[in-house]
Structures are given as C-alpha cells and as structure tokens.
Amino acid sequence: MNAGLEYGIPGRRLGGKVALVTGASRGIGRAIALRLAREGAFTVIHYRREEAAAQALVEEIEGASGAAWAIQADLGTMAGIERLVRELEEGLLGRLGSIGLDILINNAGIASQGTLGATTEAAFDEVFAVNVKAPFFLLQALVPRLRDGGRIINLSSLVTRMAYPPEAA
Ligand SMILES: NC(=O)c1ccc[n+]([C@@H]2O[C@H](COP(=O)([O-])OP(=O)(O)OC[C@H]3O[C@@H](n4cnc5c(N)ncnc54)[C@H](OP(=O)(O)O)[C@@H]3O)[C@@H](O)[C@H]2O)c1
C-alpha cells in the first residue's frame, strides 16, 4: 500500500471512501475494483484462488497512485465468510485506524453447471453457498460497519429470473 494514501486518492470522486469487491481477481469484479480505485477509493480486492492475479491488480492500482490490498477467502463456507470479515476489519484497523466501509460489491459468484436431471446435491449446495448464502451473511456482518451514504451492490444474473436449462440450479 502506498504510504500517505490511507483513504485512496484525495480529491477524486471516491477519495476518502473504502470499498470491498468480492471476486475481484478477474472478470467483472476486477474491472469494478479498478474503476473504484481510479475514482479514488481505497479498494479491498477479495479473491479465492487467483492470488497472483489479485496481487497483480493491487500492484496495478498502486502503480497508478491508488491504494488497495488483497484478502483471500473461500466464500463457499461460513468459515471463509468469517475469515473475510475478520481480515477486513483487522486490515482496515491496522491500515486506516477505522473499520468503516463505504462500498460493498457482492460480485463473487459461480454459474451452476447442469440440467435439472444432471444437477447433483453438491453442485446445488455450492451454487447456493457462493451466490446466495455468502452475500447474505456478508451483508449481515458488514451493514453495521457501513458509514452514512454507503452503498451495497449485489450482482445477479438473468438466470435467476428466466429459466435456462443448462444452468438449472
Ligand atoms: N460474465 C457474465 O456473463 C455474467 C452473467 C450474469 C451474471 N454474472 C455475475 O457477475 C459476477 C461476476 O461474473 P464474472 O463472469 O466476472 O465471474 P468470473 O470471471 O468467473 O470470476 C468469478 C470471481 O468470483 C470468485 N469466486 C468464485 N468462486 C468463489 C468462492 N467459492 N469463494 C470466493 N470467491 C469465489 C473468483 O475468485 P478466484 O478466481 O480467485 O477463484 C473470481 O474472482 C458473478 O456474480 C456472476 O454470477 C456474470
């Protein structure tokens, strides 16, 4: 993290704001995190497996005078959700002296694979753990930390409203 930029980039639209983006190692989450950091937010990059990609994103943000750090957690388990919350709070306290959060982007998610007949219980449980349970319990843990004017954005999918046979769950 760049010293002296504890709250992102002062003077930018989101300077002084703290953002957490889940699943920011790649895809849509990465793009959201990059944009938030460019707008001045101190951006927390959450990832599950792609540590190198998450660290590369932190370096890219810091290279552009932004501020970010990365946290690993598997959001398919309650232990992983708790780990993310614990590391977020410890990291924010250590770096910024406050556990306040301004922006939570629940982006991490997986696509279910399989038709109605082919979906196993394990596959069903994994989709609901990552896509439904994790955002819910992250909200439960982090809403009390959200500062006035804060924002929560939950990414979803068209397949939650429209039947798509190859992704039945
Ligand atoms: N792309 C689309 O066309 C589309 C369409 C509809 C909805 N969406 C939604 O938009 C969001 C982003 O989609 P995307 O296509 O950008 O996704 P993606 O490229 O597949 O990336 C998924 C992200 O979620 C993380 N993730 C996956 N499983 C996880 C777990 N068990 N615990 C913690 N993190 C986990 C991944 O972390 P690691 O890589 O570090 O493992 C990765 O950072 C998702 O919620 C998705 O459902 C996307």
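## Burial and overall dimensions

Buried residues make up 36% of the 169 residues in the chain, where a residue is buried if 20 or more other C-beta atoms lie within 10 Å of its own, exposed if 12 or fewer, and partly exposed in between, with C-beta atoms placed from the backbone. The model is a predicted one, in which local features need pLDDT of at least 70 and side-chain atom pairs count only at pLDDT 80 or more, whereas totals for chains, interfaces and linings use all residues. Residues are numbered from 1 along each chain as its sequence is written.

Along its principal axes, the C-alpha trace spans about 55 × 30 × 30 Å. Of the contacts in the chain with a separation of 6 or more, 66% are between residues 24 or more positions apart, two residues being in contact if their C-beta atoms, placed from the backbone, lie within 7 Å.

## Secondary structure and helix packing

The chain has 4 helices and 5 strands, and along the sequence these follow the pattern β-α-β-α-β-α-β-α-β. Helices (H or I, at least four residues) and strands (E, at least two) are DSSP runs, numbered from the N terminus.

Helix H3 (residues 78–96) packs with helix H4 (residues 121–142) at an angle of about 35 degrees, their axes being 10 Å apart; axes are lines fitted to C-alpha atoms, for helices over the stretch in contact, and angles run from 0 to 180 degrees between N-to-C directions. On the H3 side the contact is made by Met78, Ile81 and Val85, and on the H4 side by Ala134, Phe137, Leu138, Ala141 and Leu142. By class, this contact has 8 nonpolar, no polar and no charged residues, with Ala, Val, Leu, Ile, Met, Phe, Trp, Tyr, Cys and Pro counted as nonpolar, Asp, Glu, Lys and Arg as charged, and the others, Gly among them, as polar.

## Surroundings of the ligand

The ligand is surrounded by 20 residues, of which the closest are Gly23, Gly27, Ile28, Arg48 and Gly109; a residue is near a molecule if its C-beta atom, placed from the backbone, lies within 6 Å of it. This shell divides into 7 nonpolar, 8 polar and 5 charged residues, and its largest share, 3 residues, comes from helix H1 (residues 27–38).

## Selected residues

Threonine 43 is found in strand E2 (residues 42–47) and is buried, with 31 other C-beta atoms within 10 Å. Leaving aside neighbours within four places in sequence, threonine 43 is in contact with residues including Ala19, Val21, Ala33 and Gly66. The C-alpha atoms of threonine 43 and glycine 66 are 8.4 Å apart in space, although the two residues are 23 residues apart in sequence.

Leucine 104, in strand E4 (residues 101–106), counts as buried because it has 25 C-beta neighbours inside 10 Å. Residues up to four places away in sequence not being counted, leucine 104 touches Leu20, Leu142 and Ile152. Serine 65, by comparison, lies in the loop between helix H2 (51–63) and strand E3 (67–72) and counts as partly exposed, with 14 C-beta neighbours inside 10 Å. Serine 65 has a positive phi of about 70 degrees, although it is not a glycine.
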